Amino acid sequence: MSKKPLIGITGDFRPEQKEAQAISWFYTGYYDSITNAGGIPMMIPPLSDDDDLKQFLNQLDGLVLSGCALDLDPIRLGFEKHPASRAMPLRREDFDRRICTIAMEMKLPLLAIGSGMQLMNVLCGGTLHQHVTEDVPGAMYHRDGVEANLRHIIDIVPGTRVDKMYGPGEIRVNSQHHMAVNYISKMFIVSATAPDGVIEAIEIPDEDWFCVGVQWHPQNHSSSALDMQVFENFLAACEEPEPQILQMPVRRAA
């Protein structure tokens, strides 16, 4: 019986408040999606020591860089903070930056979701739009403060990993973001866009390394049945090939 891949998942974090302790938490959709796709999820707390983090990552077959309802700090990105921006806690962003950098140096199979995709692009030299509706001429709605199940069409680039995940036909994905990839890092290619041109998925064009970012949330309750194929393809890339058993020639007695 082959071993199931061990998949690390980054979590969310809230610092200590006046009358509340600091907490970390993990959304059920992430670890249920990994389990349903055939893997074993491992929750990763925001470790402060890089050696501890490397030891943890060395146990894994893949990493999910989870999204966040809050934003990457626009000040760190060189923006003047937009009124719509709400920065995630410093410990969360710093940890995500460290774990993404180390995982990419290791060439660990990586699935980056939502703000995870945005961060991955930034760390590799790309840039972001701080507020899509103002930064992109003719932008469609990518976030609705009332409708939590907002969905829109994506245009998938033929021949990419995302194309292999979804196949032909009209594909709609959930959407709940106001930041987005602007200039893409030279390490990546665009694998899907929205009708207004906003980049919805990126990937490294290396057949031997699964490194994909999606702006939508395939683990979310508002995802579709097709979105499960994101995790299934990711898990397939994380599985070690079955060892080949060589048949030794049998010597027969003379």
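The model is predicted, so local features need pLDDT of at least 70 and side-chain atom pairs count only at pLDDT 80 or more, while totals for chains, interfaces and linings use all residues. Residues are numbered from 1 along each chain as its sequence is written, and side-chain values use heavy atoms, with hydrogens and water left out.

**Exercise 1. Work out how helix α1 sits against helix α7.**

Step 1: Find the helices. α1 covers residues 28–36 and α7 covers residues 228–238. Helices here are DSSP runs (H or I, at least four residues) and strands are runs of E (at least two), numbered from the N terminus.

Step 2: Check the axes, which are lines fitted to C-alpha atoms, for helices over the stretch in contact, with angles from 0 to 180 degrees between N-to-C directions. The two axes come within 9 Å and cross at roughly 60 degrees.

Step 3: Name the arrangement. That angle makes α1 oblique to α7 (under 35 degrees is roughly parallel, over 145 roughly antiparallel, 65 to 115 roughly perpendicular, and the rest oblique).

Step 4: List the contact (heavy atoms within 4.5 Å). From α1 come Ser 33, Ile 34 and Asn 36, and from α7 come Met 228, Phe 231, Phe 234 and Leu 235.

Step 5: Sort them by class. You get five nonpolar, two polar and no charged residues (Ala, Val, Leu, Ile, Met, Phe, Trp, Tyr, Cys and Pro count as nonpolar, Asp, Glu, Lys and Arg as charged, and the others, Gly among them, as polar).

**Exercise 2. Describe the largest pocket and its lining.**

Step 1: Start with the space. The largest pocket holds about 660 Å³.

Step 2: Count the lining. There are 32 lining residues, and Cys 68, Ala 69, Gln 176, His 217 and Asn 220 lie nearest the pocket's centre. (A pocket is an open set of points on a 1 Å grid over the protein atoms alone, where a 1.4 Å probe fits, with protein on both sides within 12 Å along at least five of seven lines; lining residues have an atom within 4 Å of a point.)

Step 3: Spot the helices. α1 and α4 (115–123) each give at least two residues to this lining.

Step 4: Sort the lining by class: 10 nonpolar, 17 polar and five charged residues.

Methods
Points joined across faces, edges and corners; volume = space filled by probe spheres on them.
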